[in-house]
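Please open the structure in a viewer and keep the selection tool at hand.

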Amino acid sequence: MAAFSLGSLPAHAQLFGGDNEARRAILDLRTKVDNLQQSKAESSALLNLQNQNEELRQQVNRLNGQIEVLQNELSNAQQRQKDLYVDLDNRLRKLEPQQVQVDGQDAMVQQSEQRSYDEALAQFRNGDYKGAAASFNAFVQRYPESAYAPSAQYWIGNALYAQRDYRNAIAAQQALIKKYPDNPKAADALLNIASSYNELKDRAAAKKTLESLVAKYPNTPSAQTARERLANFK
């Protein structure tokens, strides 16, 4: 029995020795599995982190796009506001009176007033005497206190004279002389009246008007013209 026991000892030891190796192999395998699982978890965490980063990047891009749109809208709104201010300022300037010289005197006139007078004068210069007379009449009615009113009245007389409506031309110029006797156009109005009388073959009235012109406005160019005409009267 002792011999049997001693004989079987190496086999038993060998059995236990193999068992330890198996245990170590199992432990190594478990360690590898644990490491693999840990690596897988780390990879999964890294993948999740990458996905989160990608999502954040996309959100940032979307926010940047929204910011760019808002900045563009703000810029456009600011430009529209600036354009509105410029347009309003231009409109207000058009309504503001401006200083001009009329018959040698400084005067303030509205822009609409200036435009109406210029348009009527352009009609006269273009030979539209009927239209000019109507426009100047409308001007006098609309702007009776205008610095251009005496000139407008004078051009009414001239427009009527150009249409050979001599009697109404005389009446228009007499209205000017009565209302604005000190205006530089008064002397010119008298000269136009004398011409109208002459066209009506009323030489006596024409001569009397020229004499009145020389007496009232002796230092005007119209008075010099009147003297020259008077020299031709017999």
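**The nonpolar core**

Begin by selecting Tyr117, Phe136, Tyr148, Trp155 and Leu213, which touch the most other members of the largest nonpolar core, a set of 43 residues. A nonpolar core is here a set of buried Ala, Val, Leu, Ile, Met, Phe, Trp, Tyr and Cys residues joined through side-chain atoms within 4.5 Å. Buried means under 20% relative accessible area, exposed over 50%, and partly exposed in between (1.4 Å probe, protein chains only).

Next, colour the elements that give two or more residues to this core: strands E1 (98-102) and E2 (105-109), and helices H2 (111-125), H3 (129-142), H4 (149-162), H5 (166-179), H6 (185-199) and H7 (203-216). H6 gives the most, with 8 residues. Helices (H or I, at least four residues) and strands (E, at least two) are DSSP runs numbered from the N terminus.

The model is predicted: local features need pLDDT of at least 70 and side-chain atom pairs count only at pLDDT 80 or more, while totals for chains, interfaces and linings use all residues. Residues are numbered from 1 along each chain as its sequence is written, and side-chain values use heavy atoms, with hydrogens and water left out.

**The whole chain**

Zoom out to view the protein, which has 8 helices and 2 strands. Along the sequence they follow the pattern α-β-β-α-α-α-α-α-α-α. Of the 234 residues, 26% are buried.

**H2 and H3**

Select H2 and H3, whose axes come within 7 Å and cross at roughly 160°. Axes are lines fitted to C-alpha atoms, for helices over the stretch in contact, and angles run from 0 to 180 degrees between N-to-C directions. H2 is therefore roughly antiparallel to H3; angles under 35 degrees count as roughly parallel, over 145 as roughly antiparallel, 65 to 115 as roughly perpendicular and the rest as oblique. Show the side chains of the contact (heavy atoms within 4.5 Å): among them are Tyr117 and Leu121 in H2, and Phe136 and Phe139 in H3.

**H6 and H7**

Move to H6 and H7, which pack at an angle of about 165° with their axes 7 Å apart. These two helices are therefore roughly antiparallel to each other. Residues that meet here include Leu190, Leu191 and Ala194 in H6, and Ala206, Leu210 and Leu213 in H7. By class, this contact of H6 with H7 has 10 nonpolar, 3 polar and 1 charged residues. Ala, Val, Leu, Ile, Met, Phe, Trp, Tyr, Cys and Pro count as nonpolar, Asp, Glu, Lys and Arg as charged, and the others, Gly among them, as polar.

Centre on Leu213: not counting residues up to four places away in sequence, Leu213 touches Ala187, Leu190, Leu191, Pro218, Ser222, Ala223 and Ala226.

**H4 and H6**

Now pair H6 with H4; their axes come within 10 Å and cross at roughly 15°. H4 is therefore roughly parallel to H6. The contact includes Tyr154 and Asn158 of H4, and Asp188 and Asn192 of H6. The contact of H4 with H6 has 3 nonpolar, 6 polar and 3 charged residues.

**Two loop residues**

Most residues other than glycine have a negative phi. Select Arg164, in the loop between H4 and H5, where phi is positive at about 65°. Arg164 counts as exposed, at 66% relative accessibility.

Finish at Lys201, in the loop between H6 and H7. Phi of Lys201 is also positive, near 65°, and Lys201 is exposed, with a relative accessible area of 72%.
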